[in-house]
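Hi everyone, thanks for coming. Please take a moment to look at the structure on the screen, and then I'll walk you through it.

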Amino acid sequence: MNWIQSILSVLKGVKDSTALFDYKRILQEVLVSILVSVLVWAILKPFKIEDDTNSRLLSIALTTQRKLDSLNFQEKLHKQQAQIDSLNRVIILQHENDSLRSNARLSKLDVIRAINKYITSSSKTEGRSQ
């Protein structure tokens with residue numbers, strides 16, 4: 001208890017100090033900062049979370065974040081695939097419309113010739129591949 005009284009007497013300090021560099025004032029501020037640090041440490045010590053708890057919480061947070069990132073990526077991928085499928089359907093419809101427009105100008109005889117030409121050319125390519 002004697003050291004507490006000596007600290008308190010130093011903390012009271014000299015009130016009428018006119019010196020530019022007062023050692024007692026510096027000592028007073030150092031002691032106050034040490035006392036505040038000890039007081040804060042004593043107050044916060046019961047609330048300290050153990051390191052293994054921190055690591056478990058960090059592991060859980062990282063796992064959750066990974067799952068969320070995976071779900072977000074899968075959602076973006078699904079949206080992009082849906083857009084690609086939609087564009088492919090538009091392209092196929094455009095080809096069909098172009099084919100119908102092209103075939104609309106042909107007579108029945110020209111259509112039969114085109115079909116025969118296609119059949120003979122495809123049978124020649126099948127014969128070469130075998």
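This is a predicted model: local features need pLDDT of at least 70, side-chain atom pairs count only at pLDDT 80 or more; totals for chains, interfaces and linings use all residues.

**A walk through the model**

Residues are numbered from 1 along each chain as its sequence is written, and side-chain values use heavy atoms, with hydrogens and water left out.

Back to K79: its side chain meets that of E75 in a salt bridge, 3.5 Å from N to O. By salt bridge I mean a side-chain nitrogen of Lys or Arg within 4 Å of a carboxyl oxygen of Asp or Glu. E75 is partly exposed, at 42% relative accessibility.

How many salt bridges does the count come to? Three. Another joins R101 and D98, at 3.1 Å from N to O; these two are three residues apart in helix 3, and D98 is partly exposed at 34%. R113 and D110 also pair up, at 3.9 Å, and they both lie in helix 4, residues 108-129. R113 is exposed at 52%, while D110 is partly exposed at 30%.

Now the overall picture. The protein has four helices and zero strands; helices (H or I, at least four residues) and strands (E, at least two) are DSSP runs, numbered from the N terminus. Of its 130 residues, 4% count as buried.

Next, the surface. V32, V36, L39, V40, I43, L44 and F47 form a nonpolar patch there, with about 670 Å² of accessible area together. Such patches are made of residues with over 30% relative accessible area and no salt bridge, joining like charges within 9 Å and nonpolar side chains (Val, Leu, Ile, Met, Phe, Trp, Tyr) within 5 Å. Areas come from the Shrake-Rupley method with a 1.4 Å probe; for residues, only the protein chains shown count as cover. F47 lies in the loop between helix 2 and helix 3.

Finally, confidence: the average pLDDT, the predictor's confidence in each residue from 0 to 100, is 81. Confidence is lowest in helix 1, at a mean of 67, and highest in helix 3, at 91.

Technical notes. Buried means under 20% relative accessible area, exposed over 50%, partly exposed in between (1.4 Å probe, protein chains only).
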